[in-house]
Each structure stands twice: as structure tokens, then as C-alpha cells.
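Good morning, and thank you for coming. I would ask you to look at the sequence and the structure on the screen while I speak.

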Amino acid sequence: MNKKIIGGIVVVLIAIAYFVLQAPQEETADKTTNEVKLAVVLGFTGPAESLAESMARGAELAMKEVSASQLLLGGSSVSNVRADSTCVDASAAAAAAERVISADKVDAIIGALCSGATISILQNVAMPKGVMMFSPSATSPALSTLEDNDLFFRTSPSDARQGQVIAELLQEKGIKSIAMTYTNNDYGKGLADAIQSNYEAAGGKVTINAAHEDGKGDYSAEVAALSQAGGEILMVVGYLDQGGKGIIQSSLDAGAFSNFFLPDAMIGESLVKAIGPDLDGSIGTVPGTDSKGAEIYAELATKDGFTAGPYSPEAYDAAALTLLAMQAANSADSNAAKAKVFEVANAPGTKILPGELAKGLQILKDGGDIDYVGATAVELIGAGESAGSYREILVKDGKNTTVRYR
Amino acid sequence: MTDILNALTLLANFLIIPGLTYGSQLALGALGVTLVYGVLRFSNFAQGETMAFGAMITILVTWGLQSIGVSIKPLPTALIAIPIGITVTAILTLAIDKVVYRYHRERRANPVIFLIVSIGVMFFMGGLIRFIIGPGDQIFFDGTRFILKAQEFKEMTGLNEGLSLKMTQAVTIAIALIIVTAMFWFLNHTRTGKSMRAYSDNEDLALLSGIDPDRVVMVTWIIVAALATVGGTLYGLDKSFKPFVYMQLLLPIFASAIVGGVGNPVGAIAGGYVIAFSELILTFAYKKVLLYLGPDNLELDSLIQFLGTDYKIAVSFIILVIVLVIKPTGLFSGKTI
């Protein structure tokens, strides 16, 4: 009898917990007619989670700015909903996007963070539903050629470009051979292939190009294989909160490598903090510009109470461009807005910097033309991706420092 | 001569030391599995999560100690937190036994039912751990990181290859040795240990001889909790603490126990090292070693690797299948605890 009572209590508690946890999701506010709604679908959990918060704040900053101006589509306000695309789970990403489109009725999606999640959302949800998608950070070369009904854009450059930049940088440093390991997904494979083809074309030697899985406890076997292949530097095409960190830690422990090359997804404060002084002297690349826009954006971010981390400026630009394109099309409809993205992003027109979104909206309203420069000096090329300028990073005294822009 | 030393250093750095460390961690886990199998007669699938739970409590206590400034440098603080970890884990395993397993034991339920129940316990403990400490990576290592750094070794010996020995590796091997010795002494020389062996050998006969079954079960769970906490903490110290990783450890742990012969403690320890070294030996790239040992003009294009490192986890599976097909009773069959 006693057991039954306890069992009953447990069942009731579980039921209560279930409804309490469910509650926030049910409160999907009905969309008023005078409102543009964007979804920020980023990898809030998973191997790049430390980047997501600053990116989301960036996108939301642009939305707040537009909302406050009262100029968008005859005074519409902009609201947003966040959803977790994860990074590695393609079906969770599609489910999150499905939810924001069906339940929250968003007009466009800002996201996703990782290339695999982005491809999954684009193919499974955004294209069938005809919703525009603007990623701040998906860099896989595959996205340049993927069928997208012109619905997909990104303020990040393709990794085909990063591959070139990295190969050039290695040449300049006089590095003749590298060992390379990549995280086993669309992003890792795409960038690793781009680096290998560019570097080998320039006469360098890739001694090994091996995959690693994220989320393992122990990377000593992977590091042993890498170290046997040898190379002057270890190229770690991974994630800073995940396998990438594990590989570096393990290499240092075994004394296998002491110099590392860190591509974009390995640049972040959490990595230098976790590894400590041993990371000093490592080099890397991350998209970035020394334009006036970047400075202004960093100030705006500080004023709003967050630090502009990697890909945060790109997120601001993605949200801003989406809203400006809607204004130019005079409609929040994705199919109308998608045709205007190139127009607002590229010359000719008045140059628009971060913090000047109201000015841009006004010019468009009056029928003028703008050239959105934004925080990252956006210039869209090809199928709708950033041409790409990169910041060369040197880890010095436990900090990521900028050497120059290229 | 230098070439041979270089080759040996290389093997020691990437195979022997990591193999001994990993093998010790597996052996502690496999001992727990084998003990439950020998005395309580079922396969305890919750062993991985028990390790994670023990490690979690140890981590929480370590953080507490660190915050009040306790330190036993150069050794990691976690070592003095382990006893508390063991106590709390023992309380949990005893509570679970009382609420879950005892019911089935009293009805002499089929081992398959026990096995399935233990999977349920595994999920429960997994949830509890994630609820308390979260699913993420936790860092709790402090003290001196290296006993010997690769660079220092190179300077000391003048060899091309470095040998590094981490504090955690030395601590793991030493503690595993102490624990295993203590356990054998306990099983062979104390009254309680002997009654455990008797109970494991023939339950009815042991009962007739006046052995208290509740006491035997209780002592078994306490030992299992101790082994799990120590094994889990050492693994977390040496690699990293992440709840999910302990679930992945379950396969190599069971493979170790089965290779050695389930129910046999010596077998469990040997099995742990067999699995650890097989995983490393089969996925290691021997290019450099052959370059050192081979003729001077030897040129190798491939890495000389039997299996890609992606297949590391598959090695346990392969060994498991081979053992079950060829010698199902394991390497050290016949004698259980």
C-alpha cells in the first residue's frame, strides 16, 4: 500500500514537472498584423555553444534598432523568437526551424550557426515552406552550390575562401608541412578539403588529414596517429568547446605538437582560457575586417551589455540585411524580400554603417538606394555569400590578438 | 642504438604509459562488474553511471575543498575528496538495492530481469547526474600537471623523441595497484571476504552455514561503490569528466570483464589491460617507429596503421565476439571469486 502511494506521488510529480517545463513553449504569442517576426535559430547547445549567445545578441540588437526607428513597413515593430538548432543534430535543427515557422509564424530565419544544421534547415524546412534564411556563420563550401530557390544568404564567407587565406598564411610563415585533423561533419570536411587543395597547389605537404569525432573523453589515440605523421604545425579544424580542445590538450600532454593553427571555429576566449599559456604562439584566422563598421559595432555591443565575439558582427549584419531587404521589397514576404538582398547589400547607394539602420530604412522608404556596409563591410557575391576578409590571429599572453587583416 | 632508444621512447610515450593508465581505469570498472556478477549474479549495466555518480560527488567535494583553500600539491585535491565520494555513492547503491534489487532477489528472479532492471537504474542515475551537475565538461584537476615533460626528457637524454608522464597517469596506476591489492587481501584473508566467496560459490550452502546474506550483499555494494568512485574519479582526472563519456565506457568495461571470465577478479584486471592495449596497438600508426628501426634509406608513404582511430571502440566489440565464439568462459575460466 505504502509503495503504491509513493508511486502515485512520483507519477503526479513527474506530470507536474512535465507541464511546468512545457508551459513556456505554449505561450506562442499571436502575431499582430503590424509586426515582423524573425527567428534566431542558432546552436545554443552543442560544440559551438560559447559563440551562440553573443551572436544572438548581435542579431537582436539590429532588430531592436529597427523596431525603435518605427520606419519598417509603415511602422511595424520587430519581434524575435530564439530556437536551438544545436550543431551536430540535423533532425533537431530541422525540428526547431519547423516549430518557429509553423507555430511562431516567423517571416525569416537568422541562422543556423553550423553548416550541417544550416543545410538541414534549408533543405527540409526553409525551401519547402518558402522562408528566407540568413546565416551569420555557416561556412561550408557546399552551401555555395546547393539548390536554394534563392532563399539562402550568408554574411560569412565560404570556407573555399578561408582555405585560400590559410594556405597563403602558411606559405608566408614558411611552413612546409602540416598535420591536419577535422571534426567529422560538413563544416570540418569542407574546410579541411579546401585547405588541403589550396596548400598542396602552393607546394605544401599535408602529412595526414584525419577526422575526429566530437564529444569523446579521450583523444590520445587520434593524437598518436597525428604525431606519427609529423608536420611543423597541427591544423585543428574543429570546435573550440569540443574535440578541437581535446585534441590540443592531448597533443600538449603527450608533447606531440606545440604549435597549432586555429581556423574560425577554434577562435574564442573559452579555448585560450582552458588551455592556458601553452597555446601562446599558435596562429589562426577568423572572418573580420578593420572597417569603421567593426569599431562602431563593438561600441554598440558594449553599450547593449555584451561583448562582440566571433561571428557576432555577422549576426547583426544578417538581421539588418534581412530587415532592409523587406523594407526595399515593401513586404515581409520572403519571396519578395529575397530579390532585394543584393540590392541593399551592394553598391550603388548611400553607405550604411551599424547604428544607422534608421537612415537606411528612411532612404529605402523614399525610394532611394543604399549600400549596406555594416559591421563586417558586407559585399555579397556568388549565390549570396560574403566575399570574405579575414583577421589573422596570434595567441599571445593568453589572448587572441589581431596581427592584421587580409 | 639511439634509433632503438628513440623507437622505444616513442612507444612508451604513445602506447605503454597511456595503455597502462587506461587499462587500470578499465580494470577498476571491470572489477565492479565482475563482483556484482559473482555475488549478486547479474550484469550490472548501471556500472558506468555509478562511476560517473561517484566522480560527480568527488568533484563537488573537491570544489568545496578548493574554495576553502585546501590543497595537497603536487597531488590533485580530488584524492582527499574520494572517501566522501565513496560514502555517498555507497549510500546510493545501498538505497537502490533496497528499493529495487532486493524485491527481485527475494523472488529469485531470472538474471535477465535483473539485467533489464539495471538498465532502468542506469537511466535513473544518468538523469540524476545530469540534473545535479549538468551534461557538460567539468574541470576539477589541480596540483602539478606533469611529473616529466616531453621537452625536459628530450633535453635530459638528448633523444629526438620526448617522453611525458602526467601526474594523473602516475596517480592512476599507483592507486589502481593499491586498490586491487587491498581487494584481494580482503577477499582471501578476512572473514567477510571469505563469506562473500562462499556466498558466491553456493548460495544455499552458505545460508546453511550461517552466513548472513544481507551482510554479504551490503558489503558487495559498498565495495562496488568504492571501485566505481575511484575508477570514475581517476578517469575524470586523467581525461575529462563528462557524464556521457561514462556511458560509452560501458562497452570496454564489459568487454574486459568477459574477456577475463565474468565473475573472476584476476580475469577482470587482465581483461582491462588486454582491451586497453588492443585498442591502442591496433589503432597506433607505426610509421616513425619503423623509420627508426628500419634501414636508413627506408621511405614510407603510408602511416602503417592497422585501423583508423575512428574504429577504436569497434576493437572492444571484435575482441568480445572472438572471445565469445572461441572461449566463452574467458581467459581465466573456472575459478570465480
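Let me begin just after helix α8 of chain A, where A:Gly230 takes a positive phi of about 80°.

A word on the model itself. It is predicted, so local features need pLDDT of at least 70 and side-chain atom pairs count only at pLDDT 80 or more, while totals for chains, interfaces and linings use all residues. Residues are numbered from 1 along each chain as its sequence is written, and chains are lettered from A and ligands numbered from 1 in the order in which they are written.

Let us stay with α8(A) for a moment. Is this helix enclosed or open? Of the 10 residues of α8(A), 10 are buried, so the helix is largely enclosed by the rest of the structure. A residue is buried if 20 or more other C-beta atoms lie within 10 Å of its own, exposed if 12 or fewer, and partly exposed in between, with C-beta atoms placed from the backbone. Among the buried residues of α8(A) are A:Glu222, A:Leu226 and A:Gln228.

The contact between the chains takes 19 residues from chain A and 25 residues from chain B. Two residues are in contact if their C-beta atoms, placed from the backbone, lie within 7 Å. On the side of chain A that touches chain B, β7 (205-212), α8 (220-229) and α9 (243-254) each supply at least two residues. Which of these elements gives the most? It is α8(A), with 8 residues. By class, that side of chain A has 8 nonpolar, 6 polar and 5 charged residues. In this scheme Ala, Val, Leu, Ile, Met, Phe, Trp, Tyr, Cys and Pro count as nonpolar, Asp, Glu, Lys and Arg as charged, and the others, Gly among them, as polar.

I turn now to chain B as a whole. Its secondary structure comes to 13 helices and 2 strands. The radius of gyration of chain B is 21 Å, close to the 20 Å that the globule rule gives for 337 residues, so the chain is as compact as a globular protein of that length. That radius is taken over C-alpha atoms, and the rule is 2.2 Å times the number of residues to the power 0.38. Along its principal axes, the C-alpha trace of chain B spans about 75 × 55 × 35 Å. Of the 337 residues of chain B, 45% count as buried. Among contacts in chain B between residues at least 6 apart in sequence, 76% join residues at least 24 apart.

Next, the packing of helices. Two packed helices are described by the angle between their axes and the distance between the axes. In chain B, the axes of α2 (residues 47-67) and α3 (residues 78-106) come within 8 Å and cross at roughly 135°. Axes are lines fitted to C-alpha atoms, for helices over the stretch in contact, and angles run from 0 to 180 degrees between N-to-C directions. The helices α2(B) and α3(B) are therefore oblique to each other. Angles under 35 degrees count as roughly parallel, over 145 as roughly antiparallel, 65 to 115 as roughly perpendicular and the rest as oblique. The residues that make this contact include B:Phe53 and B:Ile57 of α2(B) and B:Ile82 and B:Leu92 of α3(B). The residues of the contact divide into 12 nonpolar, 7 polar and no charged.

The loop between α2 and α3 of chain B holds B:Pro74. A cis peptide bond joins B:Lys73 and B:Pro74, with omega about 5°. In chain A, a cis peptide bond joins A:Ala347 and A:Pro348, with omega about 0°. Most residues other than glycine have a negative phi, and most peptide bonds are trans.

Finally, two residues of chain A deserve a look. A:Lys105 is not a glycine, although its phi is positive, about 50°. Is A:Lys105 buried or partly exposed? With 14 other C-beta atoms within 10 Å, A:Lys105 is partly exposed. The phi of A:Tyr311 is near 70°, again a positive value in a residue other than glycine. A:Tyr311 lies in the loop between α11 (292-304) and α12 (312-329) of chain A. With 31 C-beta neighbours inside 10 Å, A:Tyr311 counts as buried.

Thank you for your attention.

Conventions:
Helix = DSSP H or I, 4+ residues; strand = E, 2+ residues; numbered from the N terminus.
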